[in-house]
Structures are given as structure tokens and as C-alpha cells.
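User: Please take a close look at one part of this model, the strand pairing. Then place the rest around that part.

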Amino acid sequence: MFFRPIGPRIVAYGVSVILIILTVVIGVALPDFVTFSAAELVTLALVLGATLFGLHGVARSYVEATDSGLTILNGYRKHHVEWSDMKGVAMNAGAPWPTLVTKDDERVMLFAIQGTDGPAAKEALTYIRRRIG
């Protein structure tokens, strides 16, 4: 099974497209007497790039359930937890995403399963809880 966030992906990629379009439109619409130095253009590009990098990190998150365990990608950090190493998974009322607890009491957030995704989040939690035992 493969779980990805629905709402956050739409928002992240939608905001990215809007941000790029706005940057281009504003850049083209500026009067000719407005110019930017090389340092200002580099700063603008770095801020835009960092923002797009962060938004992509949120959107690319996933949880993959395999026969051996869960592979979790939160932004740009990947975890693999064997089924036998898991103690449980919890998602309290109002929590944005569930937390996986290992037998070593390590906690791993499952960003790809968003509470705002409603039934899809419940289905993912039910599946993971059944696999844990």
C-alpha cells in the first residue's frame, strides 16, 4: 500500500505554480526604469528556489507499506521501520498527522497521512494498525 497526502499536495503544487506565474507577471509588468542589481536577482532567485524546495518537500511525502515494514518519507528525510519494531500508531483528535511509536519509544511522524484527508487517512490508519497487530 502506498499513501500520499491529498490536500497538501494540491496546495503545495498549486501555490508553486501561482508563485512562479506571479513572479513572471510582476517582472514583466514593471516599468522600464525599475532595474535590479545582480545581487537582488540572485536573492530573489534563492528565496523563490527555497520556497519551491520546501513546498515540494511537503508534497512528496509518502508512507509505503511493504511486507517488511513501513518506508516513510517526510519531506527530504527517509525512515524504514520493520513491522516487528513497531509498538503502535496514534492519531489523536485534532492532530494533523499520526505518530508511529517503535518498541524503542522512537516516534516517527507520518506526514503523508493528513487528518484533513478524512476517509483516506482513516483507511491508512486502519491498514497500518491491522499490520502492526
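Predicted model: local features only at pLDDT ≥ 70, side-chain atom pairs only at ≥ 80, totals over all residues.

Analyst: Strands β2 and β3 (residues 69-74) run antiparallel and are joined by 4 bridges. Two strands count as paired if DSSP finds at least two bridges between them. Strands are DSSP runs of E with at least two residues, helices are runs of H or I with at least four, and both are numbered from the N terminus. V63 stands opposite I72 in β3.

Residues are numbered from 1 along each chain as its sequence is written, and side-chain values use heavy atoms, leaving out hydrogens and water.

β2 (residues 62-65) also pairs with β1 (residues 2-3), antiparallel, over 2 bridges. Here F2 stands opposite E64 in β2. In a regular strand, side chains alternate between the two faces of the sheet.

Now the helices. α1 has 23 residues and reaches 32 Å from first C-alpha to last, close to the 33 Å expected at 1.5 Å a residue. That expected span is 1.5 Å times one less than the number of residues. The buried residues of α1 are P8, A12 and S16. Buried means under 20% relative accessible area, exposed over 50%, partly exposed in between (1.4 Å probe, protein chains only). The cover over them includes α2 (38-59). S16 has a relative accessible area of 10%, so S16 is buried. Beyond its neighbours within four places in sequence, S16 is in contact (heavy atoms within 4.5 Å) with L52 and L55.
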